[in-house]
Amino acid sequence: MSFYRRAHKLNQFSRLLHTFPGKATTAGSTRTSSGILATHQRDPSGSAQRLALFNAAAAVSNGCSFHYNSQRRNFSSQAPDDVPPRGRGRMLPKLMDFPEIIWPSVMKSVKNWIMVHFIIRPYFDREFSLPDFVQGAKQALQVVSASLAGGELKNLEGLVDRQTVNDLKGSIEKMSVAQRYELMILKEDIYFSFPYQVGVMFDEEDEASQKRFVEITMVFHVLKGLKGMVERGETIPLNIGVMPEYRDKISICNYRFIKEFTKGVESDWTVNIVSHFKPSDLIDEEERQ
């Protein structure tokens, strides 16, 4: 069965899944989608956006490699003093206009499994492994967040989509030193992560080339200082997310990755959505309403 016939059948199955109650809110993509397949829209110039390539180092043996800039800056582990008091706006302002995703969706998890095993692996990359992708995504999160915290957006060239970098630049310039400090994430501080949505897109305006893209939205739950707690042998409470003493140390990151899988095209994963937020900010906003 050809790729497009199988994709059509999976789209029909996806629509059936959408008829069940409990449908989760989408990740905010502007592309049209049935939940499994989407169309890749062209940019205003009329040509499909060219994907940037990651710039350097780590690779995993199965082909799910994330190339990233290995340059690092030293940052103080002490938080700056000018953290905004509670009730006076967000501790962590929005970086991009993207809905905050916190928890997995059962329906999307089912469709993600279908996408990986019936579309991506048979037709795009037989060596693709979602667990290995997640590990690479954690490394990318650490590298991108360090550049944001240091205000060094030039380091994101080749790592993050150009338009995304422009959007981030405006947000970073409005942040205080303390707020930028909150953006820096160590992968060892991630205590929970999952792929929220896996989607396949094709360029509907260029059927001759049959351009194909895979887009994966990742969610990371982070406890600042978790690495040090583990190294000191401290017991990590199971209900850490609801304990007041850890409230302001917890943040959630939504990163969306994209890669072109057009036949004959060599491409690596790049980031086109970057979102950091604190659950405590969302709780405060709900209490003020």
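Predicted model: local features only at pLDDT ≥ 70, side-chain atom pairs only at ≥ 80, totals over all residues.
1. Which strands pair with strand 4, and in what sense? Strand 3 pairs with strand 4 in the antiparallel sense over 11 bridges, and strand 5 pairs with strand 4, again in the antiparallel sense, over 7 bridges. To find these pairings in the model, one may look at M218, whose bridge partner in strand 4 is Y255, and at C253, whose bridge partner in strand 5 is H276.

2. The pairing continues from strand 3 to strand 2. Strand 2, residues 190-202, and strand 3, residues 212-223, run antiparallel and are joined by 11 bridges, and within this pairing V198 stands opposite I216 in strand 3. Strand 2 is mostly covered, since 10 of its 13 residues are buried.

3. The aromatic side chains deserve a separate look. A pair of aromatic rings is described by the distance of the centres and the angle of the planes. The count for this model comes to 11 aromatic pairs. In one of them, the rings of F133 and F257 have their centres 5.6 Å apart and their planes at 85°, and because an angle over 60 degrees counts as edge-to-face, the pair is placed in that class. This pair links distant parts of the chain, with F133 in helix 3 (residues 130-149) and F257 in strand 4, 124 residues apart. Both F133 and F257 are buried.

4. A further ring pair brings strand 3 and strand 4 into the picture again. The rings of F220 and Y255 are edge-to-face, because their planes stand at 85°, with the centres 6.3 Å apart. F220 lies in strand 3 and Y255 in strand 4, so this contact ties together parts that are 35 residues apart in sequence. F220 is buried, with a relative accessible area of 0%, and Y255 likewise counts as buried at 0% relative accessibility.

5. Charged side chains come next. Side chains of opposite charge can pair when their charged atoms come close. A search of the whole structure finds 6 salt bridges, and among them is the one between K278 and E182, whose closest N and O atoms are 3.1 Å apart. K278 lies in the loop between strand 5 and helix 7 (279-288), whereas E182 lies in the loop between helix 5 (177-181) and strand 2, so the pair ties together parts that are 96 residues apart in sequence. Both K278 and E182 are buried.

6. How are R247, D248 and D284 linked? They are linked in a network of salt bridges, in which R247 meets D248 at 4.0 Å, N to O, and R247 meets D284 at 2.6 Å, N to O.

7. Two loop residues complete the note. T262 is placed in the loop between strand 4 (250-260) and strand 5 (270-277), and with a relative accessible area of 7% T262 is buried. A polar atom of the side chain of T262 lies 3.0 Å from the backbone nitrogen of R212. W103, by contrast, counts as exposed, at 58% relative accessibility, and is found in the loop between strand 1 (37-39) and helix 2 (106-124). Together with Y191 and F192, W103 makes a nonpolar surface patch of about 330 Å².

Methods
Residues numbered from 1 in each chain as written. Heavy atoms only, no water. Patch = residues over 30% accessible without salt bridge, like charges linked within 9 Å, V, L, I, M, F, W, Y side chains within 5 Å. Areas by Shrake-Rupley, 256 points an atom, 1.4 Å probe, with all protein chains shown as cover. Salt bridge = Lys/Arg side-chain N within 4 Å of Asp/Glu carboxyl O. Helix = DSSP H or I, 4+ residues; strand = E, 2+ residues; numbered from the N terminus. Buried < 20%, exposed > 50% of the residue type's maximum accessible area, 1.4 Å probe, protein only. Polar contact = N/O pair within 3.5 Å; in protein donor to acceptor, adjacent residues only side chain to side chain. Pairing = 2+ DSSP bridges. Phe/Tyr/Trp six-rings, centres within 6.5 Å; stacked < 30°, edge-to-face > 60°.
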